Amino acid sequence: MSRRRRDGGVPAPLLVPALLAVAFLVLPLAGLVVRAPWSQIGPQLASPGVGQALRLSLVSATLATAVSLLLGVPLAWVLARSTLRGRSVLRALVTVPLVLPPVVGGVALFLVLGRQGIVGRWLYEATGFSLPFTTAAVVVAETFVAMPFLVISVEGALRAADARFEDAAATLGADRWTTFRRVTLPLVAPGIAAGAVLCWARALGEFGATITFAGNFPGTTQTMPLAVYLALQRDPEAAIVLSLVLLAVSLATLLLLRGRWLGRTVSA
Amino acid sequence: MSLEAHVVVWRGALEVDVELSVADGEVLAVLGPNGAGKSTVLRVLAGLLPPDGGRVVVDGDQVWNDADVALPPHRRAIGMVFQDHLLFPHLSVTENVAFGPRSRGVSRAAARAAATAWLDRVGLAGLGDRRPGQLSGGQAQRAALARALVGEPRVLLLDEPLSALDARTRLSVRAELHRHLTDYAGSAVLVTHDPVDAMALATRVVVVEDGRVVQAGTPAEVARRPRTDYVARLVGLVLLAGTGAGTTVALDGGGAVAVADEARGPVFVAVRPESVSLYLSRPDGSPRNVWPLRLVTATPHGSVVRCDLAGEVALTADVTATSFAELGLAPGAAVWASVKASEVAVYPR
């Protein structure tokens with residue numbers, strides 16, 4: 001018993017690799033904090049380029065999350081509840097962007113929505129509007145990469161929710177839309193919130209698809225990750241400061257999720 | 001004015017094929033073991049499960065048939081009570097009860113007023129602002145009953161409404177349910193595996209086994225004259241099949257039983273376990289039903305010991321714990337069993 005307590009019940013062949021893994025994951029972030037030029041953080045953040053990139057990042061990630069919610073929640077419902085044939089194929093297709101290198105996603109978006117693209121050409125001829133290299137393109141790229149995170153987590157929440165509540169609602173005269181609005185949605189709201197946070201965090205960090213499809217124009221398409229990459233080449237200290245900001249945002253996101261999980265265990 | 005249904009559903013290897021008819025004001029209990037298809041029938045009546053054939057007719061209106069009518073559940077005038085209440089956890093109790101009227105287009109104020117009135121009727125006045133999670137099991141099931149009845153449905157469906165409750169709560173909720181079912185003007189169908197629920201609440205009982213109706217009648221008839229082993233066990237009788245020849249019935253499994261009433265042709269013989277007496281030696285006075293048997297198992301059952309016996313006639317005897325101790329019986333022991341002919345019920349098969 002006492003021996004068990006001392007080593008936490010973890011056998012050495014598992015303990016050593018586990019500690020290595022922790023070191024590997026935590027040390028780079030600690031290094032970032034250690035190397036940070038704390039005295040320069042104020043002036044760096046105040047510089048116009050940083051504020052611009054940060055604002056653009058927050059706005060585009062939020063818009064991408066909004067679009068993902070609008071389209072992704074209904075898609076998750078279809079995957080979890082409908083009896084359509086070929087749902088498993090649909091699910092596989094929808095989750096491709098999860099494993100696809102974002103750069104490839106950017107290229108694909110460009111080929112379809114670019115001025116010479118299948119849809120983009122038609123759009124350009126009809127309206128004179130070309131999507132690539134605009135802020136809208138940033139939102140599109142981020143949505144493409146981040147929406148599957150939302151869909152998967154909302155679908156999981158829907159599957160975990162007791163579908164018999166929906167039966168009960170039907171016997172009470174609620175059609176499927178009313179049932180969705182008044183029963184299903186509130187029941188899976190925590191799952192949707194968690195999915196939205198994940199989706200937002202993923203959109204905020206998006207790099208590959210954004211730079212490929214939207215380019216790197218300060219003020220219109222240069223988001224924080226792009227600014228970090230660029231700064232590293234000419235002004236490493238600025239890159240560290242920008243990275244710290246993103247780290248802070250990520251930690252805040254994690255705390256938000258943790259808070260939800262903790263809140264749940266307390267109330268349950 | 002009534003509910004009439006013929007439900008045919010394939011559930012894996014089991015074909016459920018059940019016909020029901022329930023008049024207004026009548027409570028029909030569908031009694032049967034788990035997996036017999038009772039809840040399947042109820043889900044078909046509610047519209048939650050499309051059947052493979054048959055028809056559902058409410059007050060003369062086709063609700064489902066295998067030709068062209070398939071009314072979805074939300075357009076049927078039904079109320080349903082589920083085993084584990086299924087109150088919406090994110091709504092208050094009042095909002096739960098008001099949910100039906102709101103869905104059917106009643107104004108918010110009117111729906112709330114109706115909900116409050118119904119909560120009052122089921123004894124939950126003042127608890128309307130609570131969440132379902134803050135109610136006891138009995139209170140939640142009462143709220144679920146109010147939610148099902150508030151829309152004045154033409155058909156009330158109850159799916160094992162008492163089986164999730166503990167014994168004491170079950171008594172009080174059963175009494176409450178009985179009161180509301182007596183007042184209820186529409187047709188009610190109660191699915192249960194508990195014969196006490198069926199006897200206490202229903203005006204008529206159908207027994208479903210393996211997807212078929214094996215017996216139908218009033219609760220008293222079913223309790224007095226069971227037609228299958230399952231029903232007999234439920235109502236605490238031993239059922240023996242045989243052929244009557246005057247006051248003797250030759251049992252299909254061998255042996256014979258003397259009965260007081262004349263019986264001819266294929267009959268059932270029902271014996272109450274408490275009317276069976278056990279002796280270590282052949283009893284004096286030569287009663288007509290005496291068999292040398294063997295004790296298979298003995299299990300305490302309240303104040304009595306239930307003895308399953310094998311031999312010429314498979315019987316069950318309930319003896320008091322005292323006499324069981326005096327007999328000093330162990331499983332496998334030889335014992336004499338006797339039953340008075342006047343204690344044996346006999347009725348045609």
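Me: What does buried mean for a residue such as Y347(B)?

Reply: Buried means under 20% relative accessible area, exposed means over 50%, and partly exposed is in between (1.4 Å probe, protein chains only). Y347(B) has 2% relative accessibility, so Y347(B) counts as buried. This is a predicted model, where local features need pLDDT of at least 70 and side-chain atom pairs count only at pLDDT 80 or more, while totals for chains, interfaces and linings use all residues. Residues are numbered from 1 along each chain as its sequence is written, chains are lettered from A in the order in which they are written, and side-chain values use heavy atoms, without hydrogens and water.

Me: What kind of pair do F268(B) and Y347(B) form?

Reply: A tilted one, with 5.9 Å between centres and 45 degrees between planes. F268(B) is buried too, at 10% relative accessible area.

Me: Where does the charged end of R115(A) sit?

Reply: A charge sits over a ring if NZ of Lys or CZ of Arg is within 6 Å of the ring centre and within 35 degrees of the ring normal. R115(A) has its charged end over the ring of Y124(A), 4.5 Å from the centre. In chain B, R121(B) lies over the face of W118(B), 4.0 Å from the ring centre.

Methods. Phe/Tyr/Trp six-rings, centres within 6.5 Å; stacked < 30°, edge-to-face > 60°.
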